[in-house]
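Hi there,

Here is the structure we talked about, ready for you to open. Have a look, and then read on for what turned up in it.

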Amino acid sequence: MADPISNITIVGGGTAGWMTAMLMNAMFRGEGGKSRMGITLIESPNVPTVGVGEATVPGMPRVLKTCGVSEREFFKACNASFKLGVMFQKWNVDRNGDFIDYVNPFGRPGYVAGVDLAYYYLREGAGGLEFAQTYAPALDLIRAGKGPRPLGQPEFSGEAGYAYHLDAGRFAGLMRDISKDRGVVHILDDVVDVTRDGETGNIASLVLQERGEHPVELVIDCTGFRGLLINKVLEEPFIPYSKYLANDRALAVQIPHEGEVKVDCATRSTALGAGWSWRVPLFNRVGTGYVFSSSHRTDEEAMTEFLGHLGPEGEGLEPRVIPMRVGRSRNLWVKNCVAIGLSGGFIEPLESTAIHMIDTSIRWLFTYFPDTDFAPVLRDSYNRLTGNLYDEVRDFICLHYALGNRTDSQYWIDARTELEVPDSLARNLELWQHVLPGAYDIEFQTLFPFTVYQAVMLGKRVYETGYGKERIGQNFVTRGEYWRTHLGRMRASIEGMVANAADHTTLLRDL
Ligand code: FAD
């Protein structure tokens, strides 16, 4: 029997490094609240973190709960706000050439009399309501500036599904303080080299600039885009997604609120000439940026376009440029090293998935945690899941481009005609010209089930603007009276929720 691993060494002190430290510490907590696992985090004092990554998905409350962090503590420390969905602006045009805006909410359309709600919406219409408004309160709450619950309700409750916006630097600081308080050892030093075990090829020790050799059992590479251990030392190939996704650079800047403002409770994504601009509202500022394709814009051109998009609030700002390595390592666990965060891979942040992928990877690593013999079956299982997760997110992001219909710039034309569509998505795009996305169409659905595909496709109104068959799903019998009853009940329930929910900014002040 191999000995159990008793020490984890994490290299990197960004969101990925500190989340790994905090969650692993919590998950290995035994009796008396003490962690059974020794955890050390080594962070370079010279290499800054990427400093962006501020919108999340609804898995985030679970992270706080696992680690025993209250919402009050989190909101205060991270200037956080609630996020009820993503508002997509100008991604598609209708038959008249006017821009279509839509929301991707948290929440799933169910069934009406046993038939997918989406078929009812498509066939019967909803009197000008967006698809999302027929099953989720997000858009109505966002328009009313309301949060997910009334004042005075318990933490982590909400009638509307929600996630958070957070200050990335402060979030890493909060996780660092919690981890260190609970026994995680923090070393500020640069990893400059490694030694390898002659027999297994495992990383035996890290060589630190100041402290010299630091022996390791299991090492987690959280070194960001450089992939120091997984790609540089262990030479695991990186699989670029550039043939599927054109965007490879970003501009990023922060805009402090001036005076009293009402804090928005949605992430906004606005399509621009060669990519899209994000807008993440925090309690004290907005984080915004432009994700773009360097084949279509130089940095200077993108800067001019982005500042023009911001208008007066952009005056005097100097956004920084962030090159993005888009794709993933072929395997994310190699020998005794697991890459988590940007070192493992990255897909543009259109659906705010990276922090969720960090959280999920940590939980899967815990599930398949090895002993010192590193049984290959554990590693293979982990690699299968994490590889599939990256591909799942890639496919969903590709959907947004494949079904875009703008023709007003070369970028949007190329997004449809020059970029490849991954086989897994191409098969479904052919299928969904005949039927709406269904429960068994997508092989790997951990984060983006078929219902979210429905939300995006009906949000973009692709079936009204030339994609697919006119009378799609004609075999299903939809009955007008069932639909009217559903809509009546749903709208009454949503209107009640909106009336009861607290003003978002007031809720944040209360927290
Ligand atoms: P980093 O933050 O780059 O940290 C790397 C760490 O490694 C640093 O501490 C550094 O000091 C250390 N290091 C490097 N070399 C060494 C060395 N030799 N020795 C010791 N230490 C070393 N995610 C979301 O979930 N939502 C979003 O809305 C979102 N938006 C994004 C927007 C953009 C433009 C980009 C680029 C990313 C976005 N992300 C988003 C992703 C998110 O920012 C990252 O997933 C997250 O910040 C994790 O980064 P990281 O910790 O892997 O890397």
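Let me start with the aromatic residues. Phe 74, Phe 75, Phe 82, Tyr 162, Tyr 164 and Phe 171 are joined by ring pairs into a cluster. Please keep in mind that this is a predicted model.

Counting over the structure gives 29 aromatic pairs. One of them is formed by Phe 88 and Trp 91.

Arg 325 is placed over the face of Phe 238, 4.0 Å from the ring centre. Over the face of Tyr 241 you will find Arg 394, with 5.2 Å to the ring centre.

Now for the domains. The protein chain splits into domain 1, made of 7-54 + 167-242 + 326-374, and domain 2, which covers 249-322. Where the two are in contact, domain 1 supplies 9 residues and domain 2 supplies 11 residues.

How much area do domain 1 and domain 2 bury between them? The value is about 810 Å², and 58% of it is on carbon and sulfur atoms. On the domain 1 side, the residues losing the most area to domain 2 are Val 52, Glu 54 and Asp 167, which together account for 48% of what that side buries.

Asp 167 comes up again among the charged contacts: it forms a salt bridge with Arg 285, with 3.2 Å between the closest N and O atoms. Between domain 1 and domain 2 the count is 2 salt bridges. There are also 4 residue pairs in polar contact across this interface, with both residues at pLDDT 80 or more.

Happy browsing, and do write back with any questions!

Best wishes

Methods: Residues are numbered from 1 along each chain as its sequence is written. This is a predicted model: local features need pLDDT of at least 70, side-chain atom pairs count only at pLDDT 80 or more; totals for chains, interfaces and linings use all residues. Side-chain values use heavy atoms; hydrogens and water are left out. Rings of Phe, Tyr and Trp (its six-membered ring) pair if their centres lie within 6.5 Å; planes under 30 degrees apart count as stacked, over 60 as edge-to-face and the rest as tilted. A charge sits over a ring if NZ of Lys or CZ of Arg is within 6 Å of the ring centre and within 35 degrees of the ring normal. Domain bounds come from an automatic or database domain assignment. Contact means heavy atoms within 4.5 Å. Buried area is the accessible area (1.4 Å probe) that two parts lose on being put together, summed over both. A salt bridge is a side-chain nitrogen of Lys or Arg within 4 Å of a carboxyl oxygen of Asp or Glu. A polar contact is a pair of N or O atoms within 3.5 Å; within protein, one must be able to donate a hydrogen and the other to accept it, and residues adjacent in sequence count only if both atoms are side-chain atoms.
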